[in-house]
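Please examine the sequence and the model shown below before reading the report.

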Amino acid sequence: TLRPIPNSDDQLYAEASSLLAKDFGGSISTTSFFDEAGVVYGKPAHISLDVIIKAQHHYLCSFSNEIKEYDIHLLVQVGKLYKAHTPSCSLACIVVTRNIPETVRAVADRFKMKVYSKENNDSAIARNLQLPNELT
């Protein structure tokens, strides 16, 4: 059954995380790191992220009703930090959103992120999910 993407970030997370986890055969877990070097925010900070781990493939997941270019660049920085802590894994990013402007989608595409959004009729989000390309 196709369901519309929910209106709040919490609803979006609940809907999308269960579908993504089912398609990947695992579950989404929340992981946190201390970014001592300030890679993500330019100063030391605790970083929390959602990740799906399937063997050596790790997928960082971002869920938001609206994605801005800043969010894409932030996810890239989080990916760099995560890769520094887990160097033996292959890493990719998945963005699930209700709204993504074309200019922001172009930035996500440049970083080889897999984007699921209402605009491209991914209302079931993970229905035909294919493994995204590695983040480079």
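## The chain as a whole

The structure is a predicted model. The secondary structure of its chain consists of three helices and five strands.

The chain has 136 residues, and 48% of them count as buried. Of the contacts between residues at least 6 apart in sequence, 59% join residues that are at least 24 apart.

## Helix H2

Helix H2 covers residues 69-85. Its 17 residues, taken at 1.5 Å a residue, should span 24 Å. The expected span is 1.5 Å times one less than the number of residues. In the model, the end C-alpha atoms of H2 are 25 Å apart, which agrees with that expectation.

The buried residues of H2 are Ile72, Leu74, Leu75, Val76, Val78, Gly79, Leu81 and Tyr82. An α-helix has 3.6 residues a turn, so residues three or four places apart point the same way. The buried residues of H2 pack against strands E1, E2 (45-54), E3 (57-66) and E4 (90-99), and also against helix H3 (102-110).

## Val78 within the helix

Val78 is found in helix H2. Is Val78 buried or exposed? Its relative accessible area is 10%, and a residue counts as buried under 20%; Val78 is therefore buried.

Which residues does Val78 touch, leaving aside those up to four places away in sequence? They are Val40, Ile47, Leu49 and Leu60. Ser48 lies 30 residues from Val78 along the chain, and the C-alpha atoms of these two residues are separated by 9.0 Å.

## The aromatic pair

The count of aromatic pairs comes to one. The rings of Phe33 and Tyr82 have their centres 5.7 Å apart and their planes at 80°. Ring centres within 6.5 Å make a pair, and planes over 60 degrees apart count as edge-to-face, so the pair formed by Phe33 and Tyr82 is edge-to-face.

Where do the two residues of this pair lie? Phe33 belongs to strand E1 (residues 28-35) and Tyr82 to helix H2, so the pair ties together parts that are 49 residues apart in sequence. Both Phe33 and Tyr82 are buried.

Terms used. Residues numbered from 1 in each chain as written. Predicted model: local features only at pLDDT ≥ 70, side-chain atom pairs only at ≥ 80, totals over all residues. Heavy atoms only, no water. Phe/Tyr/Trp six-rings, centres within 6.5 Å; stacked < 30°, edge-to-face > 60°. Helix = DSSP H or I, 4+ residues; strand = E, 2+ residues; numbered from the N terminus. Buried < 20%, exposed > 50% of the residue type's maximum accessible area, 1.4 Å probe, protein only. Contact = heavy atoms within 4.5 Å.
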